[in-house]
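Notebook open, structure loaded. I want to walk through the fold first and then look up a few residues one by one.

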Amino acid sequence: MALYIDADNMSYNYIQDIIDNIKLSKHDLCIKKIYCDWSKTESKNCAKIIHNYGLEPIQCFRIGKKQSTDIKLITDLTNDICSNKNINHIYLVSSDSDFTHICQLIIKKSIKLTVLSLQKSILQNYANNFVNLSIEKTFD
């Protein structure tokens, strides 16, 4: 199982709930990546949680006015699913519609996809499971 967190699109206050609920499913995460521009002041509050859960922080500098986080996450996720045959379930934490194409690829590869978001998202139409974190606290 693999976890990809778009921290530019998710409050770090939910990370503990996300990780704890995944652990309840009795599955091990082989990949735990969190993407953000860590040079932003508001991102620094997340450091303790990152270390407590062994997340791999991925730096995504802002390029001009364009946020590069989505592109880096999609590139890494594509590379990981093509090179790691042991991934059978992906947890994607975001509500960003930029991820619709990667969601389609994940499903085509017969990998179970759970999308977690703080709000309704079009991504719910592209996943096996969708969890609105502002409503639900448990998921599989």
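Predicted model: local features only at pLDDT ≥ 70, side-chain atom pairs only at ≥ 80, totals over all residues.

I traced 6 strands in an open sheet, ordered β3-β2-β1-β4-β5-β6 and paired in parallel. At the edges I find β3 (56–59) and β6 (129–132), each with pairing on one side only.

**Strand β1**

Next I went along β1. How many of the residues of β1 are buried? I get 5 of 5, so I noted the strand as mostly covered, taking under 20% relative accessible area as buried. A2, Y4 and D6 point one way, while L3 and I5 point the other way.

Then the partners. β1 runs parallel to β2, joined by 5 bridges, and I5 has I34 as its bridge partner in β2. The chain gets from β1 to β2 through α1, in a right-handed β-α-β crossover. β1 also runs parallel to β4, with 4 bridges between them; here A2 is partnered by I90 of β4.

I moved on to β5 (residues 112–117), which pairs with β6 in the parallel sense over 4 bridges. Opposite L116 I find V131 in β6. α4 packs on the sheet and touches β4 and β5, its direction at about 150 degrees to that of β5. I checked α3 (residues 69–83) as well: this helix lies across β1, β2, β3 and β4, and runs at about 160 degrees to β2.

Where do nonpolar side chains go? In soluble globular proteins they tend to be buried together. Here the largest nonpolar core has 23 residues, and L3, I15, I34 and L55 have the most contacts inside it. β1, α1, β2, α2 (47–52) and β4 each give two or more residues to this core. α1 supplies the largest share, 4 residues.

**S94**

Is S94 buried or exposed? I put S94 down as buried, because its relative accessible area is 0%. S94 sits in the loop between β4 (89–93) and α4 (100–108). Its side chain makes a polar contact with the D6 side chain at 3.1 Å. D6 is one of the buried residues of β1. Beyond four places in sequence, the contacts of S94 are D6, N9, F99, V115, L116, S117 and L123.

**Y14**

Last one for today. Y14 is in the loop between β1 and α1 (15–24). With a relative accessible area of 22%, Y14 counts as partly exposed. Not counting residues up to four places away in sequence, Y14 touches L118, L133 and S134. I checked the S134 pair too: 120 residues separate Y14 and S134 in sequence, yet their C-alpha atoms are 9.2 Å apart in space.

Technical notes:
Residues numbered from 1 in each chain as written. Heavy atoms only, no water. Buried < 20%, exposed > 50% of the residue type's maximum accessible area, 1.4 Å probe, protein only. Polar contact = N/O pair within 3.5 Å; in protein donor to acceptor, adjacent residues only side chain to side chain. Contact = heavy atoms within 4.5 Å. Pairing = 2+ DSSP bridges. Axes fitted to C-alpha atoms, helices over the stretch in contact; angles between N-to-C directions. Right-handed = clockwise from strand over helix to strand, strands pointing away. Core = buried A, V, L, I, M, F, W, Y, C linked by side-chain atoms within 4.5 Å.
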